[in-house]
Amino acid sequence: MSDLRQPPEPQSAPVVDQPAVDGNDGDGQPSPVGRLAATVERLRREVRAAQAEADGRALIELAKGILVERLGCGPAQASRQLAELTAQAGVTPLEFAVEVINQASRDHVSEVTSAFLAATADPPEAHSSAVRLRTAESGALAAQDTQAVADSLLEHVLTPLGAEAVAIWALGTDGSLSLAGSAGFSTAEAGRWRHVPPGVTTVARRGLAERTGQWIRSLSETGLPSIGQHHHSDGGRVAVPAETGGRIQGVLEIAWAAPLEPPPPPIVRQVEALAELCAHTLETYGLHHPDGAPLPRVLPDVSELMDLADGLHDPALVLVPHLDSDGHLVDFRIHHVNSRFLDPAGRPRGAVSGALLLEAYPMAAGHSELFERMERVYATGEPFRAHRMRLTALVDDVPLAAVADINISRHGGSVLLIWRIEDETARLASLLQHAQRLGRIGGFEENLLTGEITWNGQLYHLYGRPPSDPAVRLEDLAAHAHPDDAVAIGRFLRTLLHQRRPASTAFRLQRPDGVTRHIRVVAEPVLDSAGQLYVVRGAYQDISAHHWTEVALAATRDQLAHSEQQASERNRLTLQLQHAIMPPTRAPLEVPGLDVAVRYRPAETQHLVGGDWYDAVVLPSRLVLLCVGDVAGHGIEAATSMVVLRNALRGLAVTGAGPGQLLSWLNMVAHHLTGAVTATAVCGLYDPENNTLRWARAGHLPPVLVRGSDAAPLPLVKGLLLGAVPEATYEEHEVQLAVDDTLLMYTDGLIERRDRSVEESLAQFLTVARAVPPTLDQQLDRLLTHSRSDTDDDTCIVGIRVA
């Protein structure tokens, strides 16, 4: 990302005639005001130079202290040792001092420097980056406020990256953002953006949404307001959360004059290190009024939060952060439990108070995402509320669930968790009502001794009767049904009323409005203590939709069977065609001084019949044609296209043209095939006389050369996939083979995985290929056996070994 490294060109300002503002009077001599301005500017440069020298001197002195501790020597000897090591390393004293500090500290800055050295081919630039980061850190530690930290960051680190301005925002307990320090923006602009109320979406607030922050190419493309938006509207913006100890203290926002391209990882890690430095600064120094007076942060004490929790009518927990040895948030400790708290597992309050949250409620880290929500609230200060969140507790390894309304808020350095458990009886009653409505079910109960019948509202709706009408007795059920269903209803009543056993039946209900519905009734008898039947209860369900679905399924069953037979026949014919042309094994090719072997493994599932193909043939010129290819898609179309391309390439090879020309002709064949066929391929011509191979590729993975105990792909020559454009040229490459060398050509079905990149899969393939069995056939079989591909795709391998 070159434009992150180069500072932008200064923009010219319009020239306006002003008397004596340029520092000269009318006759060209410096005016008193001009001389004063020049003096101020000279003094400012001297102060900056002195500050930079002091920061560098502080780093050198720190390196000396590290040498004193490690070598067990005095300051004078450490100074001499540092000078000698610096001369031997061939770097500046400041660069070597930073290297000593990085090796001793092992902090975020040293990690960034190590990553930069590993990722760049320019070690001096990496050392300069480390010096800039440590210098900015030294300046920040020596600064007395956040404003000085912003100046140090812009001068030492961000300006070399091409940035023009920086703003450090402090996150308030109410979710507001306050400008704690800025550099590169005008004083008037900083004054206008001194405070951003909670809920106002800006670039800085958008940076709180993700831990990696927001990297914006151009501010104008987002439409988000931000500081300096009128002067830097077309430039890039970066907003990264400043976090320490699991808590977000604020946001680091950086402005560029030009659009921002995707940054390389070393630059991202540099910015993250600066954001962490800003977090420690915000934690150390409070906000300031515009006049410089400190603005105190009023943070409630834990005891005050405990008093607040005890005054609530809902169960509440007061939680304090639990950090690991590196200062990272790993859990919350339950500091206080109010008197209304009811543990879902039935444990007393004393068993919960003082425990770690994930130890007391390990399921909080499960599907409810309760713990993640709490981490977010603690980090940003933004409260979280959820309606009817499902909470789970483990009791004797049995999960017990409860539904609750959740309220999580941060107060100073603590978190207040309120949960309002939903009444289980009311919830189940509501759930039953919704289930009856969705299932079109109506319940009833009939007392045979008193004649009292109870229907719910859904049953009146099924019968098409108003609730004011009398309910229908079971003995009168046949009078409301289709006459043809009288026998089934009679059998149902005899089983229920006389045999006193549960029963069910289906019938056609004829409603008063003339609508006929298909109904299923289920009922059970209830006996008293003397064994006499006195109550029948049950339910009616409208199964009209199910009935007509069965009719429709019966009508289409024959059609589906016919379609399945057609599909099976199509797949069978496709496989027969593919196996006829591409048998899984074939007789070895007879070439003096060369072993040639091929393998073909079809797709595991028939409907994925693909277009992978290979060929190995001796041409009239005594050259050996070696090729593999893969036609995009599956099915009969891919198989037939594969046949066309394979046969076309074999015919074109007789002309004596090179592999690049053969692929160029084959590209025209693929482009003019019906259906816009695209494919990839590798084509090679092996000369047995001098053991050389000329090859070219069309969007395919390059061949792999196995020599001794090493296996590596051949250089990635240029070549577009076949059929994409009418005409294309293909670059050729020639490789000299030696005795016992093995060359492998293959399709992506051998290595491709859904969960890994092509680079990772290729590295695993090269590891297997380095083990060379005695014969070439054994090596190809071993590659197929150890293939970790999980895409169920066809696989072709062509291997040659120089004898």
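Predicted model: local features only at pLDDT ≥ 70, side-chain atom pairs only at ≥ 80, totals over all residues.
**View 1. The buried side of helix α20.** Let us start with the residues of α20 that are buried (under 20% relative accessible area, with a 1.4 Å probe and protein chains only): Ala638, Ala639, Ser641, Met642, Val643, Leu645, Arg646, Ala648, Leu649 and Ala653. An α-helix has 3.6 residues a turn, so residues three or four places apart point the same way. Helices here are DSSP runs of H or I with at least four residues, strands are runs of E with at least two, and both are numbered from the N terminus.

Residues are numbered from 1 along each chain as its sequence is written, and side-chain values use heavy atoms, leaving out hydrogens and water.

**View 2. The whole chain, for orientation.** The protein chain has 23 helices and 28 strands. Of its 803 residues, 42% count as buried.

**View 3. Asp741 and its neighbours.** Asp741 sits in the loop between β26 (732–736) and β27 (742–746). Asp741 is buried, with a relative accessible area of 3%. Its side chain makes a polar contact with the side chain of Arg707 at 2.6 Å; such a contact is a pair of N or O atoms within 3.5 Å, where within protein one must be able to donate a hydrogen and the other to accept it, and residues adjacent in sequence count only if both atoms are side-chain atoms. Leaving aside residues up to four places away in sequence, Asp741 touches Leu705, Val706, Arg707, Ile800, Arg801 and Val802, where contact means heavy atoms within 4.5 Å.

**View 4. Two loop residues with positive phi.** Most residues other than glycine have a negative phi. Arg500, in the loop between α18 (486–498) and β16 (503–510), has a positive phi near 55 degrees. Arg500 is partly exposed, with a relative accessible area of 36%, a class that runs between under 20% (buried) and over 50% (exposed). Asn691 also has a positive phi, about 55 degrees, although it is not a glycine. Asn691 lies in the loop between β22 (679–687) and β23 (692–698).
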